[in-house]
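Subject: Structure for your review

Dear colleague,

Please find below the structure that I am handing over to you.

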Amino acid sequence: MSDLTRRQALKAGAAGAVLLPFQWTEAARAGSLAPPEVRAVNDLALWYDRSAGSDWLRALPIGNGRLGAMVFGNTDTERLQLNEDTVWAGGPHDYSNPRGAANLAEIRRRVFANQWSQAQDLINQTMLGSPGGQLAYQPVGDLRITLPGASGISGYQRWLDLTTATTVVTYVANNVRYRREVIASAPDQVIAMRLTAETPNSISFSASFTSPQRVTASSPDSSTIAVDGRSGDQRGIAGTVRFLALAKAIATGGTTTSSGGTLRVSNANSVTLLISVGTSYVDYRNVNGDYQGIARGRLSSAQGTPYDTLLARHVADYQRLFGRTTVDLGRTSAADQPTDVRISQHNSVNDPQFSALLFQYGRYLLISSSRPGTQPANLQGIWNEQMAPPWDSKYTINANLPMNYWPVNTTNLAECQEPVFKMINDLTVTGTRTAQVQYGARGWVTHHNTDGWRGSSVVDGALWGMWQTGGAWLSTLIWDQYRFTGDVGFLRSNYPAMKGAAQFFLDTLVEEPTLKSLVTNPSNSPELAHHANVSVCAGPTMDMQILRDLFDGCARASEVLGVDADFRGQVVAARNRLAPMKVGSRGNIQEWLYDWVETEPGHRHISHLYGLHPSNQITKRGTPQLFSAARRTLELRGDAGTGWSLAWKINYWARMEEGARAHKLIRDLVTPARLAPNVFDLHPPFQIDGNFGATSGIAEMLLHSHNNELHLLPALPAAWPTGRVTGLRGRGGYTVGAAWSTSRITELSLTADRSGTARVRSRMFTGTYEIRDETSSTVIQPAKPETDLIEFPVQAGHTYRATAR
């Protein structure tokens with residue numbers, strides 16, 4: 001798969017069946033019991049009774065947002081496969097194609113004349129970026145730790161504790177019990193491995209770096225090894241990101257030496273191995289950072305700190321985020337099997353706890369790959385071993401990058417989205433040039449992909465890349481973040497990006513000759529041909545839905561900030577002229593302006609239901625006709641799909657308030673075809689958006705807040721008859737929890753960030769209940785506009801609890 005291009009992959013088949021990298025299965029272990037450490041954290045751990053060997057998709061991921069490692073847990077040669085989030089092929093580059101603007105009128109003419117192939121050809125000739133593809137996210141390399149030959153290995157176990165972000169490997173060899181822990185510390189910006197043994201003087205190993213990059217290995221001192229390298233060349237652009245990786249052994253007892261890039265420890269009682277990486281990447285324009293000073297400084301700071309202190313700081317920092325949200329869906333004996341067995345047998349057993357594990361694993365991965373000050377999580381988070389990974393492990397904006405961040409607010413991790421807003425700010429610069437030279441327009445634009453150099457032009461060919469609304473979709477995240485947080489300072493800082501995205505479309509929307517609506521032209525409905533081999537069209541439904549959200553968000557933000565009254569009037573006027581959603585002849589939401597039948601009925605993208613999720617333009621109670629048409633659309637498309645497509649469908653069916661169908665999609669996802677043994681989502685190949693999308697979908701099954709109300713347990717499946725959730729977040733500034741038994745809600749709670757009126761929907765309110773302000777110890781008498789909906793005033797900081805009687 002390493003040389004698989006996006007175009008080749010997508011031609012290979014919509015469902016991805018021909019792309020399966022392997023088939024795997026695991027048999028249940030007789031008498032298996034989860035390790036005590038796993039049971040002690042309520043089974044919130046991935047655990048195994050075998051090492052990963054050489055299989056990357058069995059290794060366990062750790063990360064601090066910037067640094068990532070895959071930990072294999074081997075007993076002969078341990079491997080830590082290392083990534084740093086700014087190691088990208090090539091260097092600062094402007095992809096814009098100045099031939100675009102001069103040909104735009106002719107391209108539009110051809111589209112409106114239904115000459116789609118000719119329009120697509122002209123786009124490929126004049127609108128593609130220079131080069132026509134972007135650049136890849138790449139690995140640093142490996143730290144390989146060679147352990148002495150062992151005999152009689154027994155009692156092997158390894159796990160990844162999601163509650164502490166710690167991996168552990170333990171086993172008996174030569175009658176000695178060994179243990180290794182690995183963490184990726186955000187406070188100290190190092191990866192730390194702790195090696196211990198129950199018998200003194202038992203720890204010996206050698207360690208060295210290897211890398212597919214151009215590197216020089218060395219031994220800076222008697223306890224340290226180093227590798228100094230440069231990122232790879234790609235598409236004719238020279239690699240310019242310099243990096244230095246350091247590994248230092250701090251041993252108790254025994255001897256430690258280092259020479260020629262090899263570190264040797266002999267007969268130690270315990271060892272802390274610290275790994276530091278620095279790069280020269282400052283931002284998308286500047287690769288002249290002091291990478292050596294960064295790597296050495298972080299190592300120097302950490303090496304004077306005892307491991308127990310490093311671990312305590314790491315755990316406290318991580319739990320400050322992870323611990324905000326809990327979910328308990330019940331436990332069965334299925335959880336006593338290793339994680340890979342649980343995936344393999346999931347569809348033949350009752351294992352509700354696996355849904356809780358999947359939910360929290362997505363949160364773990366998000367915290368581990370996206371922190372304030374880092375790059376956003378890319379197509380593989382921060383975990384990638386290949387120089388030319390599938391789809392370059394970039395940021396695909398027409399589904400995957402937004403999906404990565406769907407759970408960020410709902411599951412109480414708002415800070416983790418900060419890298420996306422920094423990326424948007426970067427794209428306002430590169431996208432302004434693309435808007436000028438390719439469209440002759442104000443504002444800024446980004447198409448269906450970007451990379452570490454913030455490419456914003458059309459790439460990968462017109463069939464996939466001629467999609468204008470990537471920057472617009474990203475800009476809608478700004479308003480949604482404000483809806484959750486109410487942070488006016490954040491909105492003020494990011495409003496210019498929203499405004500610039502809208503200005504581009506105010507300049508480029510054109511009137512459709514027959515319908516007289518304003519539409520994008522040229523564009524596409526992501527990655528799906530509407531006639532043979534052509535996707536280019538005008539005004540696809542998804543574009544119109546995204547622009548409604550963008551224009552609405554701009555108008556409302558300008559009101560909140562008290563600015564831009566004239567601009568507000570312009571976006572409202574444009575919004576009102578956008579082509580409306582339509583119900584087609586099959587009772588479905590039309591994907592295009594016209595009632596065309598898709599060329600691939602089971603296509604992985606269902607882009608025209610953006611209005612159902614993540615947007616709120618299609619709702620059960622607000623737009624019942626469109627809601628019914630959305631359901632028909634889902635039925636027509638079917639449940640099959642790639643991993644990330646299944647994850648999006650979980651969200652769709654949750655919004656449909658059909659818990660059984662949403663749960664069925666979870667079961668479709670939890671199979672060896674769609675989850676790797678380490679629970680990485682498989683397109684296939686590995687794409688992390690499916691993990692994040694699954695977490696979002698489970699959150700949506702438990703709480704809706706998109707329709708100006710909090711709806712508790714809107715899509716609770718019978719498979720989760722008893723459970724409890726705390727710490728979910730709702731728009732409007734609410735932290736929400738609920739408990740249920742025999743599929744009936746027994747308790748709900750909400751804490752308000754700000755004063756106002758809460759609207760809460762629950763089946764609880766169709767019976768007898770009491771609601772109390774716990775902060776002031778007063779009983780609330782709410783209004784009841786519908787049989788299952790109540791309204792009552794709330795005060796900032798107060799907690800309100802309703803209980804069934």
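The notes below cover the basis of the values, then the cores, pockets and cavities, aromatic rings, and backbone.

This is a predicted model, in which local features need pLDDT of at least 70 and side-chain atom pairs count only at pLDDT 80 or more, while totals for chains, interfaces and linings use all residues. Residues are numbered from 1 along each chain as its sequence is written, and side-chain values use heavy atoms, with hydrogens and water left out.

**Nonpolar cores**

A nonpolar core is a set of buried Ala, Val, Leu, Ile, Met, Phe, Trp, Tyr and Cys residues joined through side-chain atoms within 4.5 Å. Buried means under 20% relative accessible area, exposed over 50%, and partly exposed in between, with a 1.4 Å probe and protein chains only. The largest nonpolar core has 220 residues, and those that touch the most other members are Leu143, Leu358, Phe551, Phe680, Val760 and Phe792. Another core, of 13 residues, lies apart from it and includes Val190, Ala226, Leu246 and Leu310. Beyond its neighbours within four places in sequence, Leu358 is in contact (heavy atoms within 4.5 Å) with Ile666, Leu669, Val670, Leu675, Val679, Ala694, Thr695 and Ile698.

**Pocket and cavities**

Grid points are joined across faces, edges and corners, and a volume is the space filled by probe spheres set on the points.

The largest pocket holds about 590 Å³ of space. It is lined by 35 residues, of which Asp480, Arg483, Asp549, Pro614 and Ser615 are the closest to its centre. Helices H10 (407–410), H13 (470–485), H15 (541–561) and H20 (689–702) are the elements that give two or more residues to this lining; helices (H or I, at least four residues) and strands (E, at least two) are DSSP runs, numbered from the N terminus. H13 supplies the largest share, nine residues. By class, the lining has 12 nonpolar, 14 polar and nine charged residues, where Ala, Val, Leu, Ile, Met, Phe, Trp, Tyr, Cys and Pro count as nonpolar, Asp, Glu, Lys and Arg as charged, and the others, Gly among them, as polar.

The whole structure has seven cavities of 30 Å³ or more. The largest cavity has a volume of about 100 Å³, and of its 13 lining residues the closest to the centre are Arg621, Glu657, His704, His706 and Asn707. Its lining divides into three nonpolar, five polar and five charged residues. For the second largest cavity, the volume is about 80 Å³. Its lining comprises 15 residues, with Arg586, Asn588, Ile589, Glu598 and His608 nearest its centre.

**Aromatic rings**

There are 26 aromatic pairs in the structure. Rings of Phe, Tyr and Trp (its six-membered ring) pair if their centres lie within 6.5 Å; planes under 30 degrees apart count as stacked, over 60 as edge-to-face and the rest as tilted. Tyr318 and Tyr364 form an edge-to-face pair, because their ring centres are 6.1 Å apart and their planes stand at 70°. Both of these tyrosines, Tyr318 and Tyr364, are buried. Trp406 and Trp648 are also edge-to-face, because their centres are 5.2 Å apart and their planes are at 70°. This pair links distant parts of the chain, 242 residues apart, with Trp406 in the loop between helix H9 (400–404) and H10 and Trp648 in helix H18 (residues 643–655). Trp406 is buried at a relative accessible area of 10%, and Trp648 is buried at 1%. Ring pairs join Trp406, Trp467, Trp473, Tyr610, Trp648 and Tyr652 into a cluster.

**Backbone**

A cis peptide bond joins His683 and Pro684, with omega about -5°, and another cis peptide bond joins Pro684 and Pro685, with omega about 5°. Pro685 lies in the loop between H19 and H20. Arg454, although not a glycine, has a positive phi of about 60°, and is buried with a relative accessible area of 3%.

Yours sincerely

Methods: On a 1 Å grid over the protein atoms alone, a cavity is a set of points where a 1.4 Å probe fits but cannot get out, and a pocket is an open set with protein on both sides within 12 Å along at least five of seven lines; lining residues have an atom within 4 Å of a point.
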